[in-house]
Amino acid sequence: MSHSSTEIGATVRKVLGIKEDKPLEITPIARGGSARSFYRVRCGSSAICVFMHYDRDRRENNYYAAQAGFLRGIGVSVPQIFHHDAAEGVILMEDLGECDLWHYRQATWDIRRQYYFKTMDMIMKFHALRPGDASLAGLPLMEAFGPELYRWERNYFRQHFVRGVCRIELNTAEAEALEEELVLLATSLAGMATCLIHRDLQSQNVMICGNEPVLIDFQGRRYGTPCCEL
């Protein structure tokens, strides 16, 4: 998954027409996940782009560019895509900076409120799209929420929240009781009307750029209940 600075620079120069006499600064970005690597490309004090390389074997990664184009078309703020090489798994996209909504977690409510409300306004544009909507024809999506995905979510919750955050080790009876309650919740959610959802709406996937929220990590969009976003 790694690329040398020489390879990244050559791609950026070729695609964006940057001359060889203009030195480029290429820095790995710690933000990653989902079998992807990111690099910030700058020329002097100017942000040029973010270079992303993704593992094509992870299916949702192949959908990022198409999803970005669709979302921009319906008025949702997402990074602009400058170049997509599907064969190589390479995307050049707009650099949104380093501040996300998590960065503002200690800010006053007057500051955070505008970001929250603007983010929810964008998410409502997702939720207005229901299965069978003509505007979604041909748009690649991951499988809708169903029993297997709800099971995966339960296991993730137990591992990363119950054990990882709360440091709680459940005994057998407690684990069975929790599983029973979560199965009932999943059954209730499965009976609700579905719409298009982000799938990973959390504060580190909302960048703040030019004082406006911009969504990232939307490649896993699918049908589900809006409650999954809360």
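This is a predicted model: local features need pLDDT of at least 70, side-chain atom pairs count only at pLDDT 80 or more; totals for chains, interfaces and linings use all residues.
Visitor: Which side chain forms a polar contact of 2.8 Å with that of Asp217?

Guide: Residues are numbered from 1 along each chain, and side-chain values use heavy atoms, without hydrogens and water. A polar contact is a pair of N or O atoms within 3.5 Å, where within protein one must be able to donate a hydrogen and the other to accept it, and residues adjacent in sequence count only if both atoms are side-chain atoms. At 2.8 Å, the partner of Asp217 is Arg36.

Visitor: Is Asp217 buried or exposed?

Guide: Buried means under 20% relative accessible area, exposed over 50%, and partly exposed in between (1.4 Å probe, protein chains only). Because its relative accessible area is 16%, Asp217 is buried.

Visitor: What is the phi of Arg199?

Guide: Most residues other than glycine have a negative phi. Arg199 lies in the loop between strand 6 (195–197) and strand 7 (206–209), strands being DSSP runs of E, at least two residues, numbered from the N terminus. Although not a glycine, Arg199 has a positive phi of about 90°.

Notes
Helices (H or I, at least four residues) and strands (E, at least two) are DSSP runs, numbered from the N terminus.
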